[in-house]
Amino acid sequence: AQGFTVHKISIFNRIGEVLTTSYETNFKWNGELKNKNLPTGVYVYLIEYSNDVTKVRYTKSGSVTLLR
């Protein structure tokens with residue numbers, strides 16, 4: 001099995017503003033911004049990562065629905 005290394009994870013609101021960015025592989029988002037709960041809604045993520053063997057870099061994006 002091939003491994004991957006995460007380089008950057010960003011979470012955006014619906015108008016494209018960056019809410020948080022992490023360079024940690026074990027990043028977990030708790031749905032907060034500046035210690036305040038964000039409202040229920042759809043948020044976009046962008047993950048930049050590379051294949052550990054080939055060193056090829058990739059970008060993956062998608063959405064996550066935050067429920068309260």
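Leaving aside its neighbours within four places in sequence, with which residues is Asn 13 in contact? Asn 13 is in contact with Leu 19 and Tyr 43, where contact means heavy atoms within 4.5 Å. The model is a predicted one, in which local features need pLDDT of at least 70 and side-chain atom pairs count only at pLDDT 80 or more, while totals for chains, interfaces and linings use all residues. Residues are numbered from 1 along each chain as its sequence is written, and side-chain values use heavy atoms, with hydrogens and water left out.

**The chain as a whole**

- The protein chain has six strands and zero helices, these elements being DSSP runs numbered from the N terminus (helices are H or I with at least four residues, strands are E with at least two).
- Read along the sequence, the elements of the protein chain follow the pattern β-β-β-β-β-β, and the C-alpha trace spans about 40 × 20 × 20 Å along its principal axes.
- Of the 68 residues of the protein chain, 21% count as buried; buried means under 20% relative accessible area, exposed means over 50%, and partly exposed lies in between (1.4 Å probe, protein chains only).
- The protein chain exposes about 5100 Å², of which carbon and sulfur atoms supply 51%; accessible areas come from the Shrake-Rupley method with a 1.4 Å probe, and for residues only the protein chains shown count as cover.
- Among the contacts in the protein chain with a separation of 6 or more, 46% are accounted for by residues 24 or more positions apart.

**Aromatic rings and the surface patch**

- Rings of Phe, Tyr and Trp (its six-membered ring) pair if their centres lie within 6.5 Å, with planes under 30 degrees apart counted as stacked, over 60 as edge-to-face and the rest as tilted; by this rule the count comes to three aromatic pairs.
- The rings of Phe 4 and Tyr 49 have their centres 5.6 Å apart and their planes at 75°, so this pair is edge-to-face.
- Because Phe 4 lies in strand 1 (residues 4–12) and Tyr 49 in strand 5, the pair ties together parts that are 45 residues apart in sequence.
- The rings of Tyr 49 and Tyr 58 have their centres 5.4 Å apart and their planes at 25°, so this pair is stacked, and ring pairs link Phe 4, Tyr 49 and Tyr 58 into a cluster.
- Phe 4 is partly exposed with a relative accessible area of 47%, Tyr 49 is partly exposed at 22%, and Tyr 58 counts as partly exposed at 36%.
- Phe 4, Val 56 and Tyr 58 form a nonpolar patch on the surface, with about 270 Å² of accessible area together; patches are made of residues with over 30% relative accessible area and no salt bridge, like charges being joined within 9 Å and nonpolar side chains (Val, Leu, Ile, Met, Phe, Trp, Tyr) within 5 Å.
- A salt bridge, in turn, is a side-chain nitrogen of Lys or Arg within 4 Å of a carboxyl oxygen of Asp or Glu.

- Ser 50 is found in strand 5 and is buried, with a relative accessible area of 7%.
- A polar contact of 2.7 Å joins the side chains of Ser 50 and His 7; such a contact is a pair of N or O atoms within 3.5 Å, where within protein one must be able to donate a hydrogen and the other to accept it, and residues adjacent in sequence count only if both atoms are side-chain atoms.
- Leaving aside its neighbours within four places in sequence, Ser 50 is in contact with residues including Phe 4, Lys 55 and Val 56.
- Val 56 has its place in the loop between strand 5 (41–51) and strand 6 (57–66), and at 38% relative accessibility Val 56 counts as partly exposed.
- Lys 55 is found in the loop between strand 5 and strand 6, is exposed with a relative accessible area of 59%, and has a positive phi of about 65° although it is not a glycine.
- Ser 63, found in strand 6, touches Val 42, Tyr 43, Val 44 and Tyr 45, not counting residues up to four places away in sequence.

**Two further loop residues**

- Asn 13 has its place in the loop between strand 1 and strand 2 (18–22), counts as buried at 15% relative accessibility, and is joined to Glu 17 by a polar contact of 2.7 Å between the side chains.
- Asn 35 lies in the loop between strand 3 (32–33) and strand 4 (36–37), is exposed with a relative accessible area of 71%, and has a phi near 65°, a positive value in a residue other than glycine.
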